[in-house]
Amino acid sequence: MKHINIETLRVLFPGVLISGLIALAAQFISDHYGAPAMLMALLFGIALNFLSEDTPCKEGIAFSAKIILRVGVALLGMRISFEMAMELGWPVVALVIGGVIATILFGMLIARLLGHDTHFAFLSAGSVAICGASAAMAISALLPRDDKSEERLVFTVVGVTLMSTIAMIAYPILADAIGFDDTLAGIFIGATIHDVAQVVGAGFSVSQETGDIATVVKLIRVAMLAPVILVASLIIRNSTMAAKGGERPPIIPGFVLGFVVLVILNSFHLFPPAVTEVSAEISRWALLTAIGAVGLKTSLREVMNVGGSAIAVLVTETAFIACLIIVGLMWI
């Protein structure tokens, strides 16, 4: 690891500062006008894309998009514990986990059928199945880099954020139309909407009980990030990197190991509530800063080249997990 000294901090500071300012602006818009903070950070970053070509900012932007991102993902682990799963019961947990796995497999298949590469297939499917923009950034950090990496990530983040916002409005109405009570509505909302913020918004718009259950179910999906990335890293390590003859990545990426360790420690109630709350805030701001940096590195022209079939992939994956969970809840 590069030694952090005064000179390194001086080089990184301008890029990290601009990424952080974008995060602050995005949160301000979110707090005052209700717009999704992640989407705002991404769009503000894209609007200032020229700064990524500016030598003083370039290193810090790259640092924010990679290192700060991984810190944010790792700290998500402090929001999750095994106790959450026990409270819901194993049939519900099995349905949620099964929904994640089935959606990833279905997404991989449908994306390939529509002509997309494996990287976009996994990125889109993982983001829909697990936790939206946060999962997209974590998966992107794992995948081997190429000239389309930023383009794929930005398109996926924009797509899942927009669909999460639509679902936040539509799914409570859909749950009521189906006849779900507060408990089933909470499970449905938590198991299907992509981003945590939209799950909370949709759940508590129904009732306090629905909001509480939806949040717990959503965090179980977030916990699936670790095993999914672990399996993917093993596949990448043994195939893609080996085929290129390059150095193999570690079996477990460091940020995923940190995530798992924090989940285990939090399951034993080793962190005071105040520490957990602070870590959640740090994680949220780190992810917001990182997505602002990703936007800074992205050209809007490149994103527009992704095409209509990519939109079809995200919409189809979203419809699949919603239908699967509805059928599963009716069966249970």
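Student: Where does I264 lie?
Tutor: This is a predicted model. In it, I264 lies in helix α14, residues 254–267.

Student: Which nonpolar patch on the surface is I264 in?
Tutor: The patch is formed by F82, V260, I264, F268 and L270. Together they have about 500 Å² of accessible area.

Student: New topic. How do α2 and α15 cross?
Tutor: The axes of α2 (residues 37–47) and α15 (residues 273–296) come within 6 Å and cross at roughly 35°. The crossing is right-handed.

Student: Which residues meet there?
Tutor: From α2, A37, M38, A41, L42, G45 and I46. They meet L287, L288, I291, G292, V294, G295 and L296 in α15.

Student: What about A290, buried or exposed?
Tutor: A290 is in helix α15. A290 counts as buried because its relative accessibility is 0%, and the cut-off for buried is under 20%.

Student: What does A290 touch, leaving out residues up to four places away in sequence?
Tutor: S64, A65 and L69. As for F44, A290 is 246 residues from F44 in sequence and 12 Å away in space, C-alpha to C-alpha.

Student: Last one: where is V196, and what is V196 in contact with beyond four places in sequence?
Tutor: V196 is in helix α10, residues 196–206. Its contacts, with neighbours within four places left aside, are R79, K218 and V222.

How values were computed
Residues are numbered from 1 along each chain as its sequence is written. This is a predicted model: local features need pLDDT of at least 70, side-chain atom pairs count only at pLDDT 80 or more; totals for chains, interfaces and linings use all residues. Side-chain values use heavy atoms; hydrogens and water are left out. Patches are made of residues with over 30% relative accessible area and no salt bridge: like charges are joined within 9 Å, nonpolar side chains (Val, Leu, Ile, Met, Phe, Trp, Tyr) within 5 Å. Accessible areas come from the Shrake-Rupley method with a 1.4 Å probe; for residues, only the protein chains shown count as cover. A salt bridge is a side-chain nitrogen of Lys or Arg within 4 Å of a carboxyl oxygen of Asp or Glu. Helices (H or I, at least four residues) and strands (E, at least two) are DSSP runs, numbered from the N terminus. Axes are lines fitted to C-alpha atoms, for helices over the stretch in contact, and angles run from 0 to 180 degrees between N-to-C directions. A crossing is left-handed if the near helix is turned anticlockwise from the far one by less than a right angle, and right-handed if clockwise. Contact means heavy atoms within 4.5 Å. Buried means under 20% relative accessible area, exposed over 50%, partly exposed in between (1.4 Å probe, protein chains only).
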